[in-house]
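Subject: Structure handover

Hello,

Here is the structure I promised to pass on. Please look it over first, then read my notes below.

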Amino acid sequence: MRMTLRLIVTAAVLTVTSSATAVAATPCSFSPVGTWTGTVTRPGASDQIQLAFGPSGRACLITTMENEVTTSYGAWQQSGFLHFNYKIKEALTDGNGTLLGWIHIDQDAVQQGSAFSSSGTSLVYDLAGNPQGSVTSYVTATKTSSTPLSCAAHS
């Protein structure tokens with residue numbers, strides 16, 4: 001009788017532990033890690049983009065303008081349940097591809113399943129690092145893969 005009771009109690013503890021572990025692992029499915037396709041909108045313009053977020057906190061932005069593909073790099077971090085922030089430094093070029101300065105992108109995102117929306121103010125700098133202005137932009141994106149692109153996958 002005593003041995004049977006001990007087995008029942010042990011089985012109950014194992015069941016509770018297994019259930020708690022499964023429930024605790026569920027929020028991980030809301031990680032932005034992976035590859036996303038979306039649209040960035042700012043005053044007077046809207047562009048298609050691709051973003052990738054790596055498990056190490058790396059981020060990259062891929063833009064295509066006039067058949068020129070540009071990759072910009074940065075970082076992301078979780079900022080709350082279903083919330084994350086990403087910062088990316090993007091080259092600012094003219095129509096001929098001449099480097100004019102940099103855009104420091106800073107976006108706060110809210111993830112809802114396989115989609116997220118973000119907004120933030122990007123600061124624009126010339127080549128000497130002098131502030132040139134700012135622009136507010138909005139991003140909507142849909143997850144296309146749970147695997148990040150190679151530009152964000154490395155630590």
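Start with the contacts, where contact means heavy atoms within 4.5 Å. Residues 24 or more positions apart account for 43% of the chain's contacts with a separation of 6 or more.

This is a predicted model, so local features need pLDDT of at least 70 and side-chain atom pairs count only at pLDDT 80 or more, while totals for chains, interfaces and linings use all residues. Residues are numbered from 1 along each chain as its sequence is written, and side-chain values use heavy atoms, with hydrogens and water left out.

**Confidence**

pLDDT is the predictor's confidence in each residue, from 0 to 100. The chain averages 84. A score of at least 70 is reached by 80% of the residues. Residues 1-27 are another matter: pLDDT is below 50 there. Beyond near neighbours in sequence, that stretch has 1 contact in the model. Where pLDDT is low, the predicted coordinates should not be read in detail.

**Overall fold**

The chain has 2 helices and 8 strands. These are DSSP runs, numbered from the N terminus: helices are H or I with at least four residues, strands are E with at least two. From the N terminus on, the order is α-β-β-β-β-β-β-β-β-α.

The strands form a closed barrel of 8, running β1-β2-β3-β4-β5-β6-β7-β8 with antiparallel pairing. Two strands pair if DSSP finds at least two bridges between them. From one strand to the next, the twist averages 30°. For such angles, axes are lines fitted to C-alpha atoms (for helices, over the stretch in contact), and the angles run from 0 to 180 degrees between N-to-C directions.

Of the 155 residues, 28% count as buried. Buried means under 20% relative accessible area, exposed means over 50%, and partly exposed lies in between (1.4 Å probe, protein chains only).

**Strand pairs**

- β2 (residues 45-53) and β3 (residues 58-65) are antiparallel, over 5 bridges. Ala 52 stands opposite Cys 60 in β3.
- β6 and β7 also run antiparallel, joined by 9 bridges. Gln 111 faces Phe 116 of β7 across the pair, standing opposite it. The two strands form a hairpin with 2 residues between them, and Gly 113 in the turn has a positive phi of about 65°.
- β7 and β8 pair in the antiparallel sense over 11 bridges. Ser 122 stands opposite Val 135 in β8. Their hairpin has 4 residues between the strands, and Gly 129 takes a positive phi near 90°.

**Two cores**

A nonpolar core is a set of buried Ala, Val, Leu, Ile, Met, Phe, Trp, Tyr and Cys residues joined through side-chain atoms within 4.5 Å. The largest one has 19 residues. Leu 51, Phe 53, Tyr 86, Phe 116 and Val 139 touch the most other members. At least two residues of this core come from each of β1 (34-42), β2, β3, β5 (83-93), β6 (99-112), β7 and β8 (131-145). Apart from it lies another core, of 5 residues, among them Ala 52, Cys 60, Ile 62 and Ala 152.

Phe 116 is worth a look. Not counting residues up to four places away in sequence, its contacts include Trp 36, Leu 51, Phe 53, Phe 84 and Tyr 86.

Ile 62 belongs to strand β3. Its relative accessibility is 17%, so Ile 62 counts as buried. Leaving aside neighbours within four places in sequence, Ile 62 is in contact with residues including Ile 49, Val 69, Leu 149 and Cys 151. Ile 62 and Ser 72 are 10 residues apart in sequence and 6.5 Å apart in space, C-alpha to C-alpha.

**Two more residues**

What does the side chain of Ser 118 make polar contacts with? One partner is the side chain of Tyr 86, at 2.8 Å. Another is the side chain of Gln 107, at 2.7 Å. A polar contact is a pair of N or O atoms within 3.5 Å; within protein, one must be able to donate a hydrogen and the other to accept it, and residues adjacent in sequence count only if both atoms are side-chain atoms. Ser 118 lies in β7 (residues 115-126). Ser 118 counts as buried because its relative accessibility is 5%.

Leu 82 sits in the loop between β4 (68-80) and β5. Leu 82 is not a glycine, yet has a positive phi of about 70°. With a relative accessible area of 23%, Leu 82 is partly exposed.

Best wishes
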